[in-house]
Amino acid sequence: MLTLDIGYCYRILNHATLSVGVSGFPPNLTELTLHGVQMSSDLLVGLVDKLSYIKRLSLCGVKAVDDDTLEQVSFYITKFQFY
């Protein structure tokens, strides 16, 4: 699986942690949609850091997204990309 959309899946979080854990995501995932999933910025950055093949991330309606978080997420998304 290369694309995963868990937008508005409110039960993906359990007490501010991912109920499936990062290991529950396909290791070769390249696209992830998190619309409306209200995770902390630390959790979001940690998730993106572990998913090293992510090339497209959609975060519409995520409160944790601010300038600092976007900078960190951008760093991890581009960390393994060689053009």
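This is a predicted model: local features need pLDDT of at least 70, side-chain atom pairs count only at pLDDT 80 or more; totals for chains, interfaces and linings use all residues.
Q: Why is phenylalanine 75 called partly exposed?
A: Buried means under 20% relative accessible area, exposed means over 50%, and partly exposed is in between, using a 1.4 Å probe and protein chains only. Phenylalanine 75 has a relative accessible area of 48%, so the residue falls in the middle class.

Q: How many aromatic pairs does the structure hold, and what makes tyrosine 8 and tyrosine 10 one of them?
A: There are two pairs. Tyrosine 8 and tyrosine 10 are 6.2 Å centre to centre with 70 degrees between the planes, which is again edge-to-face. Tyrosine 10 is exposed at 57% relative accessible area, whereas tyrosine 8 is partly exposed at 47%. Tyrosine 8 sits in the loop between β1 (3-5) and β2 (13-14) and has a positive phi of about 60 degrees although it is not a glycine.

Q: Why is α1 called roughly parallel to α2?
A: Helices (H or I, at least four residues) and strands (E, at least two) are DSSP runs, numbered from the N terminus. Axes are lines fitted to C-alpha atoms, for helices over the stretch in contact, with angles from 0 to 180 degrees between N-to-C directions. Angles under 35 degrees count as roughly parallel, over 145 as roughly antiparallel, 65 to 115 as roughly perpendicular and the rest as oblique. The axes of α1 and α2 cross at roughly 10 degrees and come within 9 Å, which makes α1 roughly parallel to α2.

Q: How do you know that β1 and β5 are edge strands?
A: Two strands pair if DSSP finds at least two bridges between them. Three strands form an open, parallel sheet in the order β1-β4-β5, and β1 and β5 (56-58) each pair on one side only. Three bridges join β4 (residues 31-33) to β5, so these strands pass the test. Leucine 32 has leucine 57 as its bridge partner in β5.

Q: What makes a group of residues a nonpolar core, and which supplies its largest share here?
A: A nonpolar core is a set of buried Ala, Val, Leu, Ile, Met, Phe, Trp, Tyr and Cys residues joined through side-chain atoms within 4.5 Å. The largest one has 24 residues, and those with the most contacts inside it include Leu18, Phe25 and Leu47. α1 (41-50) and α2 (67-79) each supply at least two of its residues, and the largest share, five residues, comes from α1.

How values were computed. Residues are numbered from 1 along each chain as its sequence is written. Side-chain values use heavy atoms; hydrogens and water are left out. Rings of Phe, Tyr and Trp (its six-membered ring) pair if their centres lie within 6.5 Å; planes under 30 degrees apart count as stacked, over 60 as edge-to-face and the rest as tilted.
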